[in-house]
Amino acid sequence: MMRFSIYSGLVLVGYSALDYGDPPMGVAFGQFEPADGYAAIQNQCSTNHHDQIVLDLSVQTEAGLVIPCAGLAILDYSEELPPPCIEVSIFGIPHPLYGELFPKQVTLYERQFS
């Protein structure tokens, strides 16, 4: 399973397997595993689930490829819920890159129609 790195600017803030998705929408999401750099943005991720553009979030593959997307958000509910309660969502990943990065999600989606 691939492990993706999440950055705020140049600071590594965490990781995710991004093991869930919506292929037609170009959406991938999964449990967020914080890294040391997450402490600097945790309050923003806990209190602002609407607009995190100021955090300059990006996601990279294990090979260092920055995944182009329309948006990215870290939703932290750790004050309200027991772990695991932090999720990362990436929106608008273009095709065919989505299928290359997330073939399992594409296969699961296509099986619904067979």
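These legends walk through a few close-ups of a predicted model. Local features need pLDDT of at least 70 and side-chain atom pairs count only at pLDDT 80 or more, while totals for chains, interfaces and linings use all residues. Residues are numbered from 1 along each chain as its sequence is written, and side-chain values use heavy atoms, with hydrogens and water left out.

**View 1. Here's an open sheet of four strands, in the order β5-β2-β1-β6.** Strands are DSSP runs of E, at least two residues, numbered from the N terminus, and two of them pair if DSSP finds at least two bridges between them. The pairing is antiparallel. β5 (33-34) and β6 (57-60) sit at the edges with a single partner strand each, so one side of each has no neighbour in the sheet.

**View 2. Zoom in on β1 (residues 4-8) and β2 (residues 11-16), joined by five bridges.** Look for S5, whose bridge partner in β2 is Y15.

View 3. The whole structure has zero disulfides.

**View 4. Strand β7 (residues 71-76) gives the largest share of the lining of the largest pocket, three residues.** Among the residues closest to the pocket's centre are Q52 and I53.

Notes:
A disulfide is a pair of cysteine sulfur atoms within 2.5 Å. On a 1 Å grid over the protein atoms alone, a cavity is a set of points where a 1.4 Å probe fits but cannot get out, and a pocket is an open set with protein on both sides within 12 Å along at least five of seven lines; lining residues have an atom within 4 Å of a point.
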